Amino acid sequence: MKTLIALLIFLVSVSNIFFLSNEVRATNVVPPAYKNANGDLSFTGPLAADSRTYQMLIHSSQLTDYTGKKLTSIAWRLPASAGSNWPAANVTISNYRIYLSGSVDPANRSLAYFADNATGPQTLVRSGSLFIPAGSYPSGTSPNSFAPEIIFDIPYSYTGGNLLIEIRHKGFSGTPHSVDAVDNPAVGYGTDFSACYAIDDTANYNGNQGGFSIVRISSSEVLNLNLKAIIEGR
């Protein structure tokens, strides 16, 4: 054992290229002011039974905790008005697509053309069916706890700037439910965040103002730890 440790220390001292990678996960809520506070309304966009296109525009000031990290999932929560857990029975949305990209300032949101709200290429980070187990959206607290994560197929590297979350889903057969959300005239709507939607998952224009769904975004980052320092206890 001592021989093995000595060999590892020797190799590190010579090449200085031995590292251990440790992925650290973190979560936060956008807008941050609503992490422990209820929104001022509810909005059905993310969990609508009919097909939907939904865009969430987020100013960079709301995303400082995520700079330099990889975004890996999002999650919603029920509004305070929810009287029971949702859904009553399992739900499957046949195709739930999520795109991430840069965004114009929320104050410059376009309702005329959805494409005008994106800056740079949009990355499809998730596609395919979304299964929602019965009762997985909890109720009974203030604010309610977030539902299980909707995990991305491909992590998205966030390097700073405004962020656009675009959701296009096919809807489902069953009872929809609203999520906790914020809308005008709440402080920050239209400057720090805004949203728009259309009732069609292929919509490209003629949007409507939408509530901004309070969202928990999870991220990860890789910490490189020097192996020699670990072995020597430093």
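Is Phe43 buried or exposed? Phe43 counts as buried because its relative accessibility is 11%, where buried means under 20% relative accessible area, exposed over 50% and partly exposed in between, with a 1.4 Å probe and protein chains only.

The model is a predicted one, in which local features need pLDDT of at least 70 and side-chain atom pairs count only at pLDDT 80 or more, while totals for chains, interfaces and linings use all residues. Residues are numbered from 1 along each chain as its sequence is written, and side-chain values use heavy atoms, with hydrogens and water left out.

The average pLDDT (the predictor's confidence in each residue, from 0 to 100) is 89 for the chain, and 84% of the residues score at least 70. Over residues 1-21 the pLDDT stays under 50, and the model has 28 contacts beyond four places in sequence for them; a contact means heavy atoms within 4.5 Å. Residues 225-231 also stay under 50, with 22 such contacts.

The chain contains two helices and 15 strands. Both are DSSP runs numbered from the N terminus: helices are H or I with at least four residues, strands E with at least two. Of the 234 residues, 45% are buried. Among contacts between residues at least 6 apart in sequence, 88% join residues at least 24 apart.

Six strands form an open sheet in the order S7-S6-S10-S3-S12-S13, with antiparallel pairing. Strands S7 and S13 (208-209) are at the edges and have a single partner strand each, so one side of each lacks a neighbour in the sheet. Two strands count as paired if DSSP finds at least two bridges between them. Strand S6 (residues 96-103) has seven of its eight residues buried, so the rest of the structure largely encloses it. On one pairing, S6 runs antiparallel to S10 (residues 163-169) over seven bridges, with Tyr96 opposite His169. S6 is also joined to S7 (residues 118-126) by five bridges, again antiparallel; here Tyr99 has Leu124 as its bridge partner, and Gly102 has Thr119.

The largest nonpolar core has 48 residues. Such a core is a set of buried Ala, Val, Leu, Ile, Met, Phe, Trp, Tyr and Cys residues joined through side-chain atoms within 4.5 Å. Leu71, Ile74, Trp76, Ile98 and Ile165 have the most contacts inside it. Leaving out residues up to four places away in sequence, Ile165 touches Tyr54, Met56, Ile98 and Tyr99, among others.

Met56 lies in strand S3 (residues 52-58) and is buried, with a relative accessible area of 0%. Beyond four places in sequence, the residues that Met56 touches include Trp76, Leu163, Ile165, Ala195 and Phe212. Met56 and Leu163 are 107 residues apart in sequence, yet 8.2 Å apart in space, C-alpha to C-alpha.

The aromatic rings lead back to Phe43. The whole structure has seven aromatic pairs. Rings of Phe, Tyr and Trp (its six-membered ring) pair if their centres lie within 6.5 Å; planes under 30 degrees apart are stacked, over 60 edge-to-face, and the rest tilted. Phe43 and Tyr54 form a tilted pair, 5.3 Å centre to centre with 40 degrees between the planes. Phe43 is in strand S2 (residues 41-43) and Tyr54 in S3, so this pair ties together parts eleven residues apart in sequence. The rings of Phe43 and Tyr197 have centres 5.4 Å apart and planes at 70 degrees, so that pair is edge-to-face. It links S2 with strand S12 (residues 193-198), which holds Tyr197, across 154 residues. Tyr197 is buried too, at 17% relative accessible area.
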